[in-house]
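Let's take a look at how a protein chain holds itself together, inside and out. Have the viewer open while you read.

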Amino acid sequence: MRRKLLLIIPVLVFITVSCIKPLEDRITGNWQLTESFRRGFFDRDYFQTGYESGIFSFHEGGSATYISNTDTLTGSWKVRQYSDNYYNSSSGQWESRQLKSLRIILVNFSQNRFVDWFFDDFNFRNNSHRIKAEEFVPGGDRVYEFEKR
């Protein structure tokens with residue numbers, strides 16, 4: 001019985017680990033910006049970026065495009081995992097957290113359009129069909145939500 005358990009446990013660990021997709025594989029595809037807002041203390045202040053009508057395409061290898069009825073921008077994207085230390089005023093302790101950054105750079109020189117978004121953290125939601133990306137900004141973080149198309 002003990003030998004069977006020793007054989008079953010590594011197999012289960014292997015299956016579990018092999019089913020988790022890397023960040024790059026989960027983000028590749030077509031995404032639409034569905035909402036953007038500044039998070040206040042008690043409310044949300046919604047704003048328009050001008051990029052809600054098009055589709056962002058993140059390709060393997062880090063290339064990216066944005067296409068709408070009036071614009072086409074090309075560029076790159078990159079994700080990175082990192083650790084961040086912060087002071088938790090509730091506990092009075094310094095704590096560490098794991099974050100994922102996302103950078104999107106897109107340009108169209110003929111139309112003089114340029115997008116350079118750096119998100120300090122992002123998370124997948126709804127079975128990897130939504131992305132919630134955040135810019136940490138004093139006075140109210142900016143939140144951008146994308147939906148897979």
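## A buried strand residue, a core and some charged pairs

Leaving aside neighbours within four places in sequence, Val115 is in contact with Tyr51, Leu73, Ile104, Ile105 and Leu106. Keep in mind that this is a predicted model. You'll find Val115 in strand E7, which covers residues 113-119. Is Val115 buried or exposed? Its relative accessibility is 3%, and anything under 20% is called buried, so Val115 counts as buried. Another residue to look up from here is Tyr66: it sits 49 residues from Val115 in sequence, yet the two C-alpha atoms are 9.9 Å apart in space.

Now for the nonpolar core. In soluble globular proteins, nonpolar side chains tend to be buried together. Here, the largest nonpolar core has 24 residues. Which of them have the most contacts inside it? They are Ile27, Phe56, Trp117, Phe122 and Phe146. Pick out Phe122 and you'll see contacts well along the chain: beyond its neighbours within four places in sequence, Phe122 touches residues including Leu23, Ile27, Val79, Leu102, Ile131 and Ala133. Lys100, Ser101 and Lys132 are also among the contacts of Phe122.

On to the charged side chains. Side chains of opposite charge can pair when their charged atoms come close. How many salt bridges are there? The count comes to nine. Here are some of them:

| Salt bridge | N to O distance |
|---|---|
| Asp141 and Arg39 | 3.8 Å |
| Arg103 and Asp116 | 2.7 Å |
| Arg130 and Glu147 | 2.6 Å |

Start with the salt bridge between Asp141 and Arg39. Asp141 is in the loop between strand E9 (130-135) and strand E10 (142-148), while Arg39 belongs to strand E1 (residues 29-39), so this pair ties together parts that are 102 residues apart in sequence. Both ends are partly exposed: Asp141 has 21% relative accessibility, and Arg39 has 30%.

Next comes the salt bridge of Arg103 with Asp116. Arg103 is partly exposed at 36%, and Asp116 is partly exposed at 34%.

Finally, look at Arg130 and its salt bridge with Glu147. Because Arg130 lies in strand E9 and Glu147 in strand E10, the pair ties together parts that are 17 residues apart in sequence. Which residues join them in a network? Through salt bridges that share partners, Arg130, Glu145, Glu147 and Arg149 form one network. Glu147 is partly exposed, with a relative accessible area of 24%.

Notes:
Residues are numbered from 1 along each chain as its sequence is written. This is a predicted model: local features need pLDDT of at least 70, side-chain atom pairs count only at pLDDT 80 or more; totals for chains, interfaces and linings use all residues. Side-chain values use heavy atoms; hydrogens and water are left out. A nonpolar core is a set of buried Ala, Val, Leu, Ile, Met, Phe, Trp, Tyr and Cys residues joined through side-chain atoms within 4.5 Å. Buried means under 20% relative accessible area, exposed over 50%, partly exposed in between (1.4 Å probe, protein chains only). Contact means heavy atoms within 4.5 Å. Helices (H or I, at least four residues) and strands (E, at least two) are DSSP runs, numbered from the N terminus. A salt bridge is a side-chain nitrogen of Lys or Arg within 4 Å of a carboxyl oxygen of Asp or Glu.
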